[in-house]
Amino acid sequence: MFKSVAHIGLTVKNLDRSVEFYRDVLGLKYMGEMRMDGPETEKLFNREGCAARVAYLRPYGGENVPPVELIQFIGFNAEEDTPSLFKTSISELCFMSSDIDKDYSTLIAKGVKFISEPQTFDSTEYGFGKSRAVYFYDPDGNILELIQPIDDSDDKKSQNYELAVCEIKDRIQGESDLNANLANISAILNKYMANINWVGFYIFKDNQLVLGPFQGLAARVRINVGDGVCGTAFEKNEIQIVPDVHKFPGHIACDLSSRSEIVVPINVNGKTAAVLDIDSPILARFDETDEKYLSEVVNIIESIWK
């Protein structure tokens, strides 16, 4: 009977404020605003003298998904209620995330209020697979959700790494500037690796590891040789895979939400010159597949290091 969902509507008290939140904070595309008034509007909403401002937004690239409709009634104050997931109503509006931990950190920094940190669920036995989810609020207290499906199969991971390696080779071809190449490599790994929240390089200078190009939150600028996971990997010249960073003596966090880590040394002319460091908010995120492909990435870096 019904072809599709046309839109998902939310009643708000201040349309301008809500548009700013959904457009500027959540990053949705503003499609425009219209006004509703007259006898048809009064009949539709069953209220005399009723008029409304209505705005529409949708995710960039989401032309095939229902837009979010924000509606502010003019001349009437919206009745306030305490939103709850436990009431018989539309409990929340859910957005699909490609990196829930990164989105969580970004929104926290913008002052968005969350109910909890992102949580991981395994519904494989019910046929729904694995996912991570978290709830938060808009300016009117409406409950919103972020969800990210988790595809952690070795085949999928290997495919993503192979795509990353191909793009890295393409990007560095003909480019001699090391800093530019490392910046692009960190961006490419961040693009293709699921469930990570920091990826970048520490470069050996003046007897310390100094922060190089990276993707993620602001990080420790200098690390002494032997300190933390990065310093240990550099000192021993060995790959470090740490399932739980909180159990690693002297761990240095680039992001406080990090739970596991992998660090791969980079060797040039027989000496360790830098390390590739990657963090994840998930315990035991890294395995032999990561070690194999990140070693290949490091081999590429070593071949262009000047």
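A residue is called buried here when its relative accessible area is under 20%, exposed when it is over 50%, and partly exposed in between, with a 1.4 Å probe and protein chains only. By that scale Lys 157 is buried, with a relative accessible area of 13%. The structure is a predicted model, in which local features need pLDDT of at least 70 and side-chain atom pairs count only at pLDDT 80 or more, while totals for chains, interfaces and linings use all residues. Residues are numbered from 1 along each chain as its sequence is written, and side-chain values use heavy atoms, with hydrogens and water left out.

Lys 157 takes part in salt bridges, a salt bridge being a side-chain nitrogen of Lys or Arg within 4 Å of a carboxyl oxygen of Asp or Glu. With Asp 287, the closest N and O atoms are 3.2 Å apart. Lys 157 lies in helix H4 and Asp 287 in the loop between S14 and H7, so this pair ties together parts that are 130 residues apart in sequence. Helices (H or I, at least four residues) and strands (E, at least two) are DSSP runs, numbered from the N terminus. Asp 287 is partly exposed, at 27% relative accessible area.

Lys 157 also forms a salt bridge with Asp 290, where the closest N and O atoms are 2.9 Å apart. This second pair links helix H4 to helix H7, with Lys 157 and Asp 290 standing 133 residues apart. Asp 290 is buried, with a relative accessible area of 0%. Through shared partners, salt bridges join Lys 157, Arg 285, Asp 287 and Asp 290 into one network.

The structure holds twelve salt bridges. Another of them is between the side chains of Arg 53 and Asp 16, at 2.9 Å from N to O. Asp 16 is partly exposed, with a relative accessible area of 43%.

In soluble globular proteins, nonpolar side chains tend to be buried together. A nonpolar core is a set of buried Ala, Val, Leu, Ile, Met, Phe, Trp, Tyr and Cys residues joined through side-chain atoms within 4.5 Å. The largest one has 33 residues, and those with the most contacts inside it are Leu 189, Leu 276, Ile 278, Leu 294 and Trp 305. Elements giving two or more residues to this core include H4, helix H5 (178-192), strand S9 (198-205) and H7 (288-304). H7 gives the most, with seven residues. Leaving aside neighbours within four places in sequence, Leu 189 is in contact (heavy atoms within 4.5 Å) with Ile 168, Ile 196, Val 199, Leu 276, Leu 294 and Val 297. Apart from this core lies another, of 23 residues, among them Leu 15, Val 19, Leu 93 and Val 112.

An open sheet of four strands has the order S5-S8-S7-S6, with mixed pairing; two strands pair if DSSP finds at least two bridges between them. Strands S5 (93-96) and S6 (119-123) stand at the edges with a single partner strand each, so one side of each has no neighbour in the sheet. Five bridges join S6 to strand S7 (residues 129-137), and the two run antiparallel. Within this pairing, Phe 121 has Ser 131 in S7 as its bridge partner.
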